[in-house]
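Reader: Hi! Could you walk me through this one in plain words?
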Amino acid sequence: MLQVEESKEERMKSGFSSFKVELWKYQGERGALIPLLQSAQESYGYIPESAIDHISEVVAIPAAEIYGVITFYAQFRLKPMGKNIIKICDGTACHVNASSAIIKTIENELRITNDETTDDGLFTLQKVACLGCCSLSPVVMINEETHGRLTPKKVQQLLKEYRERTQGEAE
Amino acid sequence: MKTIKVGLGTCGVSAGGDKTYEAIKYEIEQQSIQATVKETGCNGMCYREPLMEVIDEDLKSYLYGEVTPERVKRIMTEHVLNGTPVDEWIVQGGMPTEDDLFLKKQKRIVLRNCGIIDPNSIEEYMAVGGYQAIQKVLKEYSPDRVIEAIIASGLRGRGGGGFLTGVKWRFCRQSPGTIKYIICNADEGDPGAFMDRSTLEGDPHSVLEGMMICAYAIGAEEGYIYARAEYPKAVQRLKDAIRNLLAKGFLGKGIFGSNTNFSIKIKEGAGAFVCGEETALIASIEGKRGMPRFRPPFPAQSGLWGKPTNINNVETYANVPWIIVNGPEAFSSMGTENSKGSKVFALAGKILRGGLAEVPMGITINEIVHEIGGGIKGGKKFKAVQMGGPSGGCIPASMGDLQIDYQQINKTGAIMGSGGLVVMDETTCMVDMAKFFLRFTQDESCGKCTFCRVGTKRMLEILERITDGKGQEGDVELLRHLAYQIRNNTICGLGQTAPNPVLTTLKYFPEEYEAHIKHKKCPAHSCPALLTYSIREEACKGCMACAKACPVEAVSGEKKKVHAIDQALCIRCGKCFETCKFDAVLKD
């Protein structure tokens, strides 16, 4: 079963996005729309218009209906996202433990607000309801890493680390 | 040889557990230590993360708390290599500690293996009795007998509804049709609740086994797990667990050598709170917008793709194998008249020991907050607990002796919900709390019912103006009126319960609303618009720290002279208050 993961990487190397492969594999399974959209977003970082057209053709669901599904769910994006996605938790526990100060710090540091991307394309900011790490509140999740027990100072440090790391990777 | 376990649930990792794990492996190599290192889930003591357990050759266990990579070397050298435990960092297993209180009143059924076994290892799950319940059921029980056992146990749906699980199963079993489905609702969306995440990360097999038993009882051959997109680790654990099951031939055709077939698919949610509602969840699995529909027909009659479908949540399924192995009586002997067994609560907020605690039903709120949770952080005063998330309500500290039981909690106007228990102290504003939850439901309303779509928006606007100091005479009455309209004119649980946070705070904290509306004051000193900052002349040393911190230059004054704040310029950001070392800034 591990082979599946490896071959996926190989496919990426060969120039086929995992999204395209998912589309080819589609054989009329029910309920495939959302997984296909997720796959498109994973491949491109957002759902481009062309992906909607492709899906519509293959799955035989009108593009308008697909658009309706995309806009219903918080996860889906129609615009490109930054390299790092910051999810700030504003759940109950974080709210009670002053997540507003964390949110403000990030907004000031990056000069963007909820659902926006920085001009350099490094960060996208999303406010989310609860990341389920309430006992470590306040919490943010950057990409798939969760960071807890934050203070405004720690957040500044964290942003710096990610900025350096991402710029380092680019070079 | 000693065994070392590190808690690597999402909570452990976000506290730095993976670095601790690496440091342990490094030390083992560097010092050529003979020891096995294992990964485990969360044992509930999130407040002490990262956690590291050392089990000696004689099986005596020592749990270390707050194990940063810097602490690893000493523990590895002194304890693991030379056999002398590092007493000062032990939270459990050495001398009695305060932390023992955290576990003392707990009764672990759902969390029985969390933090104990390696969640990635099906062998470890089987070594502690895993997959015996399903084998017993397949060999000895008829489907009806399984259902009878679950009914006799008194298990209620742990997702929030509190409906008797066995009765729900029977409805689905009795529904005509040969194709049936079961679904595990792992779309834990209540802000403040994380027990399902922890269970899936710490013991995924117990949930899968519970699903197998349910499938057999109902006659379903296909199961779905609808998992929340924000829980990547839980999804990964489930995928690995299913892969292990397939490799052993425990899933698929003829499970455990019986003639029962069962397969499980994972569907990742795409971020919509309303999908926790059964009919919305089904729509989402079908690939549509996750909007609830009228019931009846209930999912047990016509659910996924029009077939009879049973939906339970993670915690409910995790209870099932335990009930089969230990007998329904063992489960029903715990708890109160109408609420049996145990319930996992996620303790968070202003509590000293935040984490996951599984307690027998019938325990009081005070016992949870003060004994298990260790009371309020920073010695502040306990004000209220919020139970049931956006569908629940705030229960005041004065009702702390209330027994946790579905009926008792409902009587207060809150609900048991999925088990989020957020503790609030005197600095939490209850109007702000109501506003917080309403903003959440307003945001998550699917828009189908007018009263939920528009009504919550109007309520939110009223609450916003109250906390902005622009509250008007009659606002409270208007809030109540809207609340009842929304409750009575919406089709799903989200709308019907959305007003609960407002109604409970109105019921138990009317004076706070009054202070905001009539006197333009926030008694908890929390709503920024209602605060004034001023300088206490007798305490001001003239250090200029607050003047430098002020972003709008509202603080005037010279060095060594008493400062003053210009109220017309002040934006009430509180920077001066935070900066002052002499308590010379007064917040009122």
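Author: Happy to! Two strands pair if DSSP finds at least two bridges between them, and strands (E, at least two residues) and helices (H or I, at least four) are DSSP runs numbered from the N terminus. This is a predicted model, where local features need pLDDT of at least 70, side-chain atom pairs count only at pLDDT 80 or more, and totals for chains, interfaces and linings use all residues. Residues are numbered from 1 along each chain as its sequence is written, with chains lettered from A and ligands numbered from 1 in the order in which they are written.

Reader: Thanks! How do strand 6 and strand 7 of chain B run, and how many bridges join them?
Author: Strand 6 (residues 181-186) of chain B runs parallel to strand 7 of chain B, with six bridges joining them. B:Cys184 sits opposite B:Ile225 of strand 7.

Reader: And what is the bridge partner of B:Ile225 in strand 8 of chain B?
Author: That is B:Ile266. Strand 7 and strand 8 (residues 263-268) of chain B also pair in the parallel sense, over six bridges.

Reader: Why is strand 7 of chain B called largely enclosed?
Author: Because five of its six residues (222-227) are buried, meaning that 20 or more other C-beta atoms, placed from the backbone, lie within 10 Å of a residue's own.

Reader: New topic: how many residues of chain B are in contact with chain A?
Author: There are 45, facing 34 residues of chain A; contact means C-beta atoms, placed from the backbone, within 7 Å. Helix 1 of chain B gives the most to that side, with four residues.

Methods. Contact = placed C-beta atoms within 7 Å. Buried ≥ 20, exposed ≤ 12 C-beta atoms within 10 Å, placed from the backbone.
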